[in-house]
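Hello,

Here is the structure I promised to pass on to you. Please have a look at it first, and then read my notes below.

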Amino acid sequence: MSETSVSETQALQEGLAGVASDFSSDRQSFHVHWGKAMMWIFLLSDTFIFSSFLIGYMTVRMSAQDPWPLTSEVFALSMGGEPIPLLLIAIMTFILITSSGTMALAVNMGYAKEKKKTFYLMLITAILGASFVGMQVFEWSKLIFDEGVRPWANPMGASQFGAAFFMITGFHGMHVSGGVIYLLVVAFRVKNGFYERRGNDYSIVEICGLYWHFVDLVWVFIFAFFYLW
Amino acid sequence: MSYVSLYDRDHEIEHHDPDTFLTKYVWSQDHKVIAIQYGGIAILVGVVALVLSILMRLQLGFPNTLAIINPESYYQFVTMHGMIMVVYLLTALFLGGFGNYLIPLMCGARDMVFPFLNMLSVWVYLLSVIILIASFFVPGGATGAGWTLYPPQSLSAGTPGTDLGIILMLVSLGVFIVAATMGGLNYVTTVLQYRCKGMTLMRLPLSVWGIFTATILALLAFPALLVSAIMMILDHSIGTSFFMPAMISAGEQLSYNDGSPILFQHLFWFFGHPEVYIVALPAFGLVSDVLATHARKNIFGYRMMVWAILAIGGLSFIVWAHHMYVSGMNPYFGFFFATTTLIIAVPTALKVYNWVLTLWQGNLHLRTPMLFAIGFIFTFIHGGLTGLFLGNVTIDLPLSDTYFVVAHFHMVMGVSPILVVFASIYHWFPLMSGRMFNETLGKWHFWLTFLGAYAVYLPMHYLGFQGVPRRYFSLGNTDFLPESAHTLNASITVSAIILALAQILFFVNIFMSLRSGKKAKPNCWGATSLEWLTPDTPPKHGNWGHDLPEVHRWAYDYSVPGQEQDFTPQTVPASEVPVGRDHGVEHN
């Protein structure tokens, strides 16, 4: 072994030992707000919920004998007489991703102690989230009333299509709705100085943001596995 | 951004002492009170499950003597007994009970990081228990699908409780998962973020390691159960076909089509197998501390014990399909899952060796908690060895769904964790109550329980080899069974009744000792870990008085050579007593 690689190995060993001793040091393992640590752990658990949903959906899609409906046709929206595939979903996805952007700005403003900007940015995020849920309501009612899709059957093919669709998007929609309420509560607390009185600590905005980004990320997977596949 | 840890802000945080009866004992946010609430509810509902098991045994030992036991109620008893024991008793007792009590005390914290969430957790748990018990009283009664709730039979006509019973069971599980998640987030975050000065991860007692790892397993395994419960509720209530294949029932084609029953089994066991370790890992941890304390010796191979806990926890997520060898899944899966199952035996065996080596040449004090702990080693080895049989596909096939399986899992995750529960209750009872228990009653309780458990479960292995199927209401006209099998069944039933009655000794002991037991001295066993070093026994709200403790050594400095005392508490600085052994690099 050459001299350089020996010293590299040694440096790596020391580095790894440093990582291990930092992690197992006394008092705390991560130098973050405990609420943030708790949110990360919760999101890890929630990841397993959505993974189970998506794996369940893939399994029933494989076990279904009837043909799987073509998502590009089912989720098409007519514009000027022409059906455009996945138009509504594209808009919904765009809105949700945009809301992640405004959320990230809100976190930044929170740490800069800009109360007013934080409040408005969080409010915009919540409005974008609410409009996402509103469009989901539109999508659901279009499928139910116009196209006759039901959780137990649909005219286009495999009955598991409606079952998986309503279950997974419903569960995600509940996450978004819950997130909107969470965002509004925190936003108004920011506005009325609740956190200013509590040691001027705006970590909660970031914790709230973690949840919001997670919900967006889950949507990307639902979009990919349900709508694009 | 800079974040100041809770530890450094300790004197800034105001601690409101609860003063009314309601805030002190009912809506309490104190982790110790919540622990006892959790434990009390769990043990109460566990007694219900115990009574159910006796009713089942009466039918098996002396068929058709009791009118209230008919095939329907028998299956309801089987189902509720299993579900209560696994989820509502053992999981709740280890995580909610011992986890709540010991984590903050052993880490040197004042409470959990989020006491309010902790309080919610116990009340939501109570709600889930109420929903579960309510299912006995609805039309059609509780579900009789077996604790595994396999569809399609759990939703099909002919199974008891397909109207409301199964729905209440699934809703109750969902509510329980919410409670376990709220508690679990607290336990994990407390262990990671709220330890006292000097308390590194590698100085934590093994109890904390076991409960901590088990809680992570719970947070990652319960989601699969939640999802399968939601899917099954949808199948039952609005007619989706996630799990239900096309079926003809009573000559009529049902509206279901193309569902995948085996998907449920995969989701269920992805929860179900880690669940075994959610129960076992806290037991491993607690028993290690009881053994070391009463053997007056450091735990053998502490570092390897920690790694074994983590390895078992990780491996437990890739062995689930060994419950499904006969389900009709792809046979190649069996090869993979048999291999991982046998690999998990390696860290488990390592732990057993280390327990035995901890006892080797120790100064054993055979008090009640120690007897239970040593009893655990016996029953666990026994149950673990039969696990090696069932983990192999070819041996499992003939033994599957026989009493051999019943004997195996009762030994390994029924009797063994329960023995640790008793060991731990006796061991920490002086701390929790401030009084000593009655040693004579405790020893009677141990011997009756230990020998009773063998009298019940050892013969079941033979019944299994004879081919006696499990979950049968009556054996009926089975010529292949010798007459002795029936005699053996009667003998098991008698033993089970004695075993159940012996538990009365435990309750008598606890209640008598609470009223009139001898006052416990602080640190009555001469233990080293922090929970025994509080200024008051039992510890008061806030645990530590004015100042948080400071830790200078690991939790197992027993019988350090050249010391007067045979134990050195974790708070003794290295300048007074040299650190017997420490792990890792310089910390402070």
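Helix 3 (residues 71-107) and helix 6 (residues 206-237) of chain B have axes that come within 9 Å and cross at roughly 135°, so the two helices are oblique to each other. Their crossing is left-handed. This is a predicted model, in which local features need pLDDT of at least 70, side-chain atom pairs count only at pLDDT 80 or more, and totals for chains, interfaces and linings use all residues. Residues are numbered from 1 along each chain as its sequence is written, chains are lettered from A and ligands numbered from 1 in the order in which they are written, and side-chain values use heavy atoms, with hydrogens and water left out.

A few words on the terms for helices. Helices (H or I, at least four residues) and strands (E, at least two) are DSSP runs numbered from the N terminus. Axes are lines fitted to C-alpha atoms, for helices over the stretch in contact, with angles from 0 to 180 degrees between N-to-C directions. Angles under 35 degrees count as roughly parallel, over 145 as roughly antiparallel, 65 to 115 as roughly perpendicular and the rest as oblique. A crossing is left-handed if the near helix is turned anticlockwise from the far one by less than a right angle, and right-handed if clockwise.

Helix 3 of chain B also has helix 2 (residues 31-61) of chain B as a partner: their axes come within 8 Å and cross at roughly 155°. That makes helix 2 of chain B roughly antiparallel to helix 3 of chain B, and this crossing is left-handed. Further along, helix 13 and helix 14 of chain B come within 8 Å, axis to axis, at an angle of roughly 160°. They are therefore roughly antiparallel to each other, and helix 13 of chain B passes helix 14 of chain B in a left-handed crossing.

Now the salt bridges (a side-chain nitrogen of Lys or Arg within 4 Å of a carboxyl oxygen of Asp or Glu). Over all chains the count comes to ten. One of them joins A:Lys36 and A:Glu206 at 3.1 Å, N to O. A:Lys36 lies in helix 2 (residues 34-63) of chain A and A:Glu206 in helix 8 (residues 203-228) of chain A, so the pair ties together parts 170 residues apart in sequence. A:Lys36 is buried at 13% relative accessible area, and A:Glu206 is buried at 16%. Here buried means under 20%, exposed over 50%, and partly exposed in between (1.4 Å probe, protein chains only).

In chain B, the side chains of B:Asp401 and B:Arg470 meet at 3.7 Å, N to O, in another salt bridge. B:Asp401 sits in the loop between helix 11 (393-399) and helix 12 (403-433) of chain B, and B:Arg470 in the loop between helix 13 (439-466) and helix 14 of chain B, so this pair ties together parts 69 residues apart in sequence. B:Asp401 is partly exposed at 43%, whereas B:Arg470 is buried at 15%.

Happy exploring, and write back whenever you like!
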